Amino acid sequence: MTRECAVLLPGVCAALADPRQPGLDDTCLEKLLDWFRSLTWFDPTVELVQNNPCLTELITSVLALPEPSPSILSFTLQLAGILASSELRFQHLQQEQLLGRLFGPEGPRGGALWEDASVRSGWVRGVHSMVHHQPALHFLCSEGGMDMIFALQGDPSLFVASAASQLLVHMLTFSIESESSKPLSTKDCEWPACAQVIKRHIEDSLQSSSASHIEQSLKLLTSLFSSCYAAWTEALWLDIAKQIESFLMEETVQAQHLLANLLLNVARSPVFCDTEGSFWALVTSALEHLTPVQAGPLAVGLLRLCKCPQDVRIQALTVLLQPMDCILRAASQPLEYAGLLDESVSDPITVESLLSSKTSCAGLLCQTLAHLEKLLSLKHLRVDLPYVSLLRSLMTILQFCNGFLSPTSPLGSTISRNLINCFRVQKSALDVLAALSEKKSCDTLIGSLFDVLLAYLESPNTSPTVLKKAFQATSKWLVHLQELSCSSSQCQQTEKILEDVFVVLQKRLCSPCWEVRDSSLEFLTAMIKCLRDQHEFRQCLLSSEVPRLTENLLEDPESYVRASAVTAVGHLACITCFAPASPVAGNQYNKENTVAKLQEILSTDSEGFPRRAVISTFTKWLREGCIGQLEDAEQFVSRVIQTVEHDLDWEVRLGGLELVEVLCSQAICQRGLSECPYAPAPSAVTGSTHQQELLQVFCRAKLFGFLFRSLCDCDKPVGQRACDILIGLRGNFYPMSTLENPRELEDSPAGCSIAWLQRTLRQGSLAQNFPTDGGIGVDFQDPESMMVALGAIDLLELHDELNKSSDHVEESPQSLLQDILATVGTIEDNEVDCY
């Protein structure tokens, strides 16, 4: 603790113990506790308490109050627990007879304030901090603390109940690991005393007739097995495994929904890697006896484990596929094709009844589809998924949902009625459909698949959110379609599908719903990104009305749509304007017209989203070499940054800096000054003709004025990016050994103005009337002045300043203590930093 903090601390403690003072904000109290935790974490000595008697005085004063505020009492309990976390400080507080009055029977747990959840929470957290040595553990057991913690497991406050459960896990683990020197067996007598108490409590609760007690112990065990992988956990498991198994068999037990997480955490533990078949037999039994909704999370978790036995893995996959199999079998009667499964893990009647119920059908399918999407995202799946049957089942679900399939079986008819217009299931199914596009074995169903997707894209009943998902799935399957071997029949099929897609897209771009127009533009952009090099795609696109409609949407009344239209036009231009041999002639796709339209949006649009989209598009064009020769790029960037410089949206200004960075990189590479844009150039190049030419390019483009002014931008990310770019440029013009000496600055012709610039930049965003002051101007278009500026101005110092967080001065324990004193009235009007 610093001397300054030690001086302030007594006043803070006195204020906290004074009932006349206003209550402190909980955030301040938490920050104060965090500070004490940091003070005690690596220092077990008693000096903190001895040198600051105000701490024990605070505890004594709060205990003496007839009615302390719950928040101050909670704070005091937690503070005492933190101070007692080392054995030496624990003994000191025991000598002061404080710990029994806080955590023992005569403490708050027997009074009226115990009704306040914050006090109970402070007690549990204080005990948790304290129990890091044997004397604290024995103190708690001897003071009846264990029974109180057991009772708090069922606390009406979920925060308190969870904290109590975590505390028991900590105490069990600490008791065994600090007291036991040999491997434990299932015999209680070999377990340390505290561990025996907790273990017996768990076993008794599991065997009780109280559903809440059973739930509490299952939650405790779930937490234990998720955080502790010590060998002794196997002995604990062997004692409770039979009881866990009995819960699976008894339909009357209400805690079955907790068993999946428990078993999954046990399965993840390395202790059970080489377990004989007993544990995995229990897992298999769980997959059979839990309901499909309960078994789903267990099944998907098992499939993600490396060490799960293959027969269990296959069974887990079967659990996940069972609802999909049921859908497929219900779709037609008699069966036109086989389902996904040869046999079921659990009774198929259970799944059928869930899918037949209006209340459970959508929930089961959404959960199943979410699990399947998670599996499809895995790089290494250790079981084979039946991709073709799975795709057929997804298509069936989607057809049920939009009413395009009328099954003849009674079950199919019921499921169809349950799913009609069910947006949740539609979205989930389309997500899985998109994920399946990366699998290579579904090609036989391509035609039928696009029929389903086009039906969704065309239907007026498709909601905007479902339409967005349908567009995403369609774009992924179009990419997959292009990857197939292109026989003549395949090419005809591809061309027909693309024509149908563009017909639908034309209609959707004219939708009265702005979300639909926006999704349509995003879909177009995604297609161009992936397919612009494909001949069939380009032909279908440019022979449709889509390009014209897209340009029209640059004037859409909705700003999100205008922004998406800008992005789409930017990608379209790569085909229509900038392509070496564009298949379309005429003024319709004139490069100058397109650039002019986007520049107008950049300078006049009232909303930030379209302007951000324009600057992002311009940067993409420049990066991909669409603008033309360096001279053209120079003029282009110069015009853009003169507009961007005055934009009120900091993200637009930041985009302008990215544009400048791309131009600098290309110019440097083109001049051969460096293979890497911002690597320092060899000293032999310094002062060369190439450097002079490069400086002239940057000055003509007015880059330096934009960069130096950006250093003083009121939005820090803009200043940081400008500084990074200038440091990179300096590395190309000045090898580190030849930087100008700032003290010789005044001797150069531009010295006075550059010295002024240096002083101004140090003011940062506080600088006014930049870049001139008192008649002293800086010529940002003079190569010689800019060469001097790059060499003389301390850009690294500016970089450090810009990268400091705004609270680098105020966020300190001293400031916190001052804030607390200010809050309780020693400073007028509560002038607090409140960091």
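1. Trp 237 is in contact (heavy atoms within 4.5 Å) with Phe 225, Ile 244, Leu 262, Leu 263, Val 266, Phe 272, Phe 279 and Leu 282, leaving aside its neighbours within four places in sequence. The model is predicted: local features need pLDDT of at least 70 and side-chain atom pairs count only at pLDDT 80 or more, while totals for chains, interfaces and linings use all residues. Residues are numbered from 1 along each chain as its sequence is written, and side-chain values use heavy atoms, with hydrogens and water left out.

2. Trp 237 also belongs to the largest nonpolar core, which has 278 residues. Such a core is a set of buried Ala, Val, Leu, Ile, Met, Phe, Trp, Tyr and Cys residues joined through side-chain atoms within 4.5 Å. The members that touch the most others are Trp 237, Leu 302, Phe 698, Phe 704 and Phe 708.

3. Ile 244, one of the contacts of Trp 237, lies in helix α14 (residues 232-249). Helices here are DSSP runs of H or I with at least four residues, strands are runs of E with at least two, and both are numbered from the N terminus. Ile 244 is buried, with a relative accessible area of 0%; buried means under 20%, exposed over 50% and partly exposed in between, for a 1.4 Å probe and protein chains only. Not counting residues up to four places away in sequence, Ile 244 touches Leu 218, Trp 237, Leu 259, Leu 262 and Leu 282. Ile 244 and Leu 262 are 18 residues apart in sequence and 9.7 Å apart from C-alpha to C-alpha.

4. Ser 409 is found in the loop between α21 (387-402) and α22 (410-419). Is this residue, Ser 409, buried or exposed? Ser 409 is buried, with a relative accessible area of 4%. A polar atom of its side chain lies 2.7 Å from the backbone oxygen of Ala 330, and the side chain of Ser 409 also reaches the backbone nitrogen of Gly 412 at 3.0 Å. Polar contacts are pairs of N or O atoms within 3.5 Å; within protein, one must be able to donate a hydrogen and the other to accept it, and residues adjacent in sequence count only if both atoms are side-chain atoms.

5. For the chain as a whole, there are 41 helices and zero strands. Buried residues make up 54% of its 835 residues. Of the contacts with a separation of 6 or more, 70% are between residues 24 or more positions apart.
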